[in-house]
Amino acid sequence: MNKRRTANEITTAAFTESLASNRPSRSPIMPAVVYEMETTREADEKLGGVRPGYVYQRDAHPNADWLGEKCRELHGADRAFVTSSGMSALGLAVLALLKPGDEVLLSSRLYGKTVTMLADMARWGVHSKIIDMTDSSEVANHCGPNTRLLLAETISNPQLRVVDIEALARVSHEHQALLLIDNTFASPSICRPLDLGADLVWESMTKIMNGHSDVILGLMCSRGNVGEPMVRALSTWGMTASPFDCWLCERGLGTLEIRVQRASQTALEVAKWLSQDSRVAAVSYPGLESHPEHLLCQRQFVRGPNVVFGHMLMLQLNGGSSSVDRFLKNARPIPFCASLGELTTTISHPASTSHRACSDAEMAAVGIDRGTIRLSIGLENAQFVIDSLEKGLSSLDF
Ligand SMILES: *Cc1c(COP(=O)(O)O)cnc(C)c1O
C-alpha cells in the first residue's frame, strides 16, 4: 500500500506551535481567505458580530486592521476603513451614506475622477453642484434642504489652493450636512481635518501615505457614528484591500513623518528658487508668502517644531505644451509620470493627464493652462532637484 501523502494531506505541528509561542516583532502578511472555527456557535457569533475574530477576508482581515488602527489614531478618528484604492474609499462613503434625492456640493478644485463618480451618481438620483469653496462665506448660499454632503480637498490638485476646513464644517453642520475632506496631498502629518470639524477624511494611500509607489490603497476615516453604515458596505460591495498591499503600506507609514518633513523642506527651497526666476511665469506653493491661503495654512496645519506645507508644488511656463515638452526632455533625470508622493521627485502635466478632458476656458477657470507643471518633491537633496529643473528651464528660448 502506498503511504505517500501529498502536500495538502500533511498538517504540520510547526505551523500551530510557531503561532502559539512566538510573537514576531513586525506584522506578518496574513493572506488567508478563511479562518478555521471550532464550533457552530463560534461561527454564528463571529458572523453575527457579537464575538471578535476573523471569518472571511472580504469582511475583515488582520493586515487591514493593523494598518487601519494606525491610520485611525493618526487622524484622531473613531473609525478607519482601509479599501482597495482611493476611489473605492470614496465609493464606500457615497454608497453607504447617500440616498436618492440627496444633493452633494463639490469644490471646483477636485481630483477629476471624484467629479466623474459624483456625476455618475445622478443615475441613482444623487445630484451634485460644483462651487468655489475657497470663499467659505459663499458656500452657505448654495446649501439647500437636500444638501447632505460637502466635498473639498485640503490642498487642491493641481493649483494647491487650500480650503478653510473649520469654516466649511460650520456651514455644513448648520445645514445638517456632512463635510468630507480629501486629504491626499497633505496626509495626517500636515493636516488632521477631523480635529477641525470635518466628519469624514479621505485619502488615496497610493500617494504619500504609502510613499513608495508600489500599492494602490485608500482610507476613509470617520467621527462619531458617521461611519457605522460603512462597515456593512465595505464587505457587501467588496472594497476590501489586499493583505499584501496593507502590509506594504504599514511599512511605508513608518517613515511618513520623516518623509513629509524632508520633502516639504526641499519643496519650500525649490519653490523659493523658482519664484525668483524670471523664466517661470508663476509658482504656487502653500509655504510661500505669496500663496493666497498662506496664513490659513499656518493656522490649520499640524504644529510640529515648525509648520510644513507639503511636497506638492505647481509652476507655470510660458509657451504652452511645446515649452513643457522641451522642459520634460531636459529636466531628466526627473521623470514625467502622472502619480505623486513617491520617494523620488516626479513631474506631471495636468493638461495632458488629469485635466485632459477640460477646455482651455475650463482650465483657466481653475487657474491652469497648457504650460502648467505639477511637481511632487521626493527625498533627493534639494540641489539635485534644483539642478535638474535648471537644465529644463535653460533649454527654453526666452
Ligand atoms: C490619486 C488621488 C485620488 C484617487 O486615489 P487612487 O488611489 O488612485 O484610487 C483621489 N484624490 C486625490 C487628490 C488623488 O491624488
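Helix α3 (residues 62-75) packs against helix α9 (residues 243-253) at an angle of about 35 degrees, and their axes are 8 Å apart. The structure is a predicted model, in which local features need pLDDT of at least 70 and side-chain atom pairs count only at pLDDT 80 or more, while totals for chains, interfaces and linings use all residues. Residues are numbered from 1 along each chain as its sequence is written, and side-chain values use heavy atoms, with hydrogens and water left out. Helices (H or I, at least four residues) and strands (E, at least two) are DSSP runs numbered from the N terminus. Axes are lines fitted to C-alpha atoms, for helices over the stretch in contact, and angles run from 0 to 180 degrees between N-to-C directions.

The crossing of α3 and α9 is left-handed (the near helix is turned anticlockwise from the far one by less than a right angle; clockwise gives a right-handed crossing). In the contact (heavy atoms within 4.5 Å), α3 contributes Asn63, Ala64, Trp66, Leu67, Lys70, Cys71 and Leu74, and α9 contributes Pro243, Cys246, Trp247, Cys249, Glu250 and Leu253. By class, these residues are 10 nonpolar, 1 polar and 2 charged; Ala, Val, Leu, Ile, Met, Phe, Trp, Tyr, Cys and Pro count as nonpolar, Asp, Glu, Lys and Arg as charged, and the others, Gly among them, as polar.

A further helix pair is formed by α4 (residues 86-97) and α8 (residues 228-236), whose axes come within 9 Å and cross at roughly 115 degrees. The two helices, α4 and α8, are therefore roughly perpendicular to each other (65 to 115 degrees). Their crossing is right-handed. Leu92, Ala93, Ala96 and Leu97 of α4 meet Pro229, Met230, Ala233 and Leu234 of α8, a contact with 8 nonpolar, no polar and no charged residues.

The ligand is surrounded by 14 residues, of which Met87, Asp182, Ser204, Thr206 and Lys207 are the closest; a residue is included if one of its heavy atoms lies within 4 Å. A backbone N or O atom of Met87 is 2.9 Å from a ligand oxygen atom. A polar side-chain atom of Asp182 lies 2.8 Å from a nitrogen atom of the ligand, and one of Thr206 lies 2.6 Å from an oxygen atom of the ligand.

Most residues other than glycine have a negative phi, and most peptide bonds are trans. Asn157 and Pro158 are joined by a cis peptide bond with omega about -5 degrees, and Pro158 is located in the loop between β4 (147-153) and α7 (165-174). The bond from Arg332 to Pro333 is also cis, with omega near 15 degrees; Pro333 belongs to the loop between α12 (320-330) and β10 (346-348). Ser187, although not a glycine, has a positive phi of about 75 degrees and is placed in the loop between β5 (178-182) and β6 (200-204).

Conventions: Angles under 35 degrees count as roughly parallel, over 145 as roughly antiparallel, 65 to 115 as roughly perpendicular and the rest as oblique. A polar contact is a pair of N or O atoms within 3.5 Å; within protein, one must be able to donate a hydrogen and the other to accept it, and residues adjacent in sequence count only if both atoms are side-chain atoms.
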